[in-house]
Amino acid sequence: VERSVELVKKNLLNQIDGRDLARVVALEANNDILAYTVSKEQGAFYDQRHLNADFNSRTLINQMYWRWGSTVRFRQVILDYFWSPSGSWAMAHWQRSFFNENIPRFVTEGVFNFGDLEND
């Protein structure tokens, strides 16, 4: 998290990107996982686990395969700002296609790794 603060102070990241980087770093550190991110934002400081794309796009999964390979698997999809009031960022950016098409495709195309439900 300190790295994120320093990058913002040095104007290498804006405050929003610094906040997002701090979230990802904290998530990875406290959960023994690798986080992958999807965003339409351009110019942000991200690494190879970021996909610059529209998560509502019907081609999202194909873009994920192109970026990360066809063997990439996920255990969770975490939606920032999911419980947001009407008129908020989430209401303007989350579209039905994400929930009605992309999330079901995560299952039908085997993008979710359900793991060993007895031992995970």
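This is a predicted model: local features need pLDDT of at least 70, side-chain atom pairs count only at pLDDT 80 or more; totals for chains, interfaces and linings use all residues.
**Exercise 1. Find out which parts of the chain the salt bridge between Glu28 and Arg49 links.**

Step 1. Confirm the pair: the side chains of Glu28 and Arg49 meet in a salt bridge, 2.4 Å from N to O.

Step 2. Place each residue. Glu28 sits in helix α2 (residues 15-31), while Arg49 is in the loop between β1 (37-39) and β2 (50-52). The two are 21 residues apart, so this pair links distant parts of the chain.

Step 3. Are these residues buried or exposed? Both Glu28 and Arg49 are buried.

**Exercise 2. Do the analysis again for Arg58 and Glu101.**

Step 1. The side chains of Arg58 and Glu101 form a salt bridge, at 2.8 Å from N to O.

Step 2. Arg58 lies in the loop between β2 and α3, and Glu101 belongs to helix α5, so the bridge ties together parts 43 residues apart in sequence.

Step 3. Arg58 has a relative accessible area of 57%, which means it is exposed. Glu101, at 28%, is partly exposed.

Step 4. How many salt bridges are there by this rule? The count comes to five.

**Exercise 3. Describe how helices α3 and α5 pack.**

Step 1. Decide what to report. Two packed helices are described by the angle between their axes and the distance between those axes.

Step 2. For α3 (residues 60-68) and α5 (residues 96-108), the angle is about 50° and the axes are 9 Å apart.

Step 3. Name the arrangement. The angle is about 50°, and roughly parallel needs under 35 degrees while roughly perpendicular needs 65 to 115. The two helices are therefore oblique to each other.

Step 4. Pick out the contact residues: Leu60, Ile61, Asn62 and Met64 from α3, with Asn102, Arg105 and Phe106 from α5. Sorted by type, they give four nonpolar, two polar and one charged.

**Exercise 4. Sum up the whole chain.**

Step 1. List the elements: five helices and two strands, in the order α-α-β-β-α-α-α along the sequence.

How values were computed. Residues are numbered from 1 along each chain as its sequence is written. Side-chain values use heavy atoms; hydrogens and water are left out. Axes are lines fitted to C-alpha atoms, for helices over the stretch in contact, and angles run from 0 to 180 degrees between N-to-C directions. Helices (H or I, at least four residues) and strands (E, at least two) are DSSP runs, numbered from the N terminus. Angles under 35 degrees count as roughly parallel, over 145 as roughly antiparallel, 65 to 115 as roughly perpendicular and the rest as oblique. Contact means heavy atoms within 4.5 Å. Ala, Val, Leu, Ile, Met, Phe, Trp, Tyr, Cys and Pro count as nonpolar, Asp, Glu, Lys and Arg as charged, and the others, Gly among them, as polar. A salt bridge is a side-chain nitrogen of Lys or Arg within 4 Å of a carboxyl oxygen of Asp or Glu. Buried means under 20% relative accessible area, exposed over 50%, partly exposed in between (1.4 Å probe, protein chains only).
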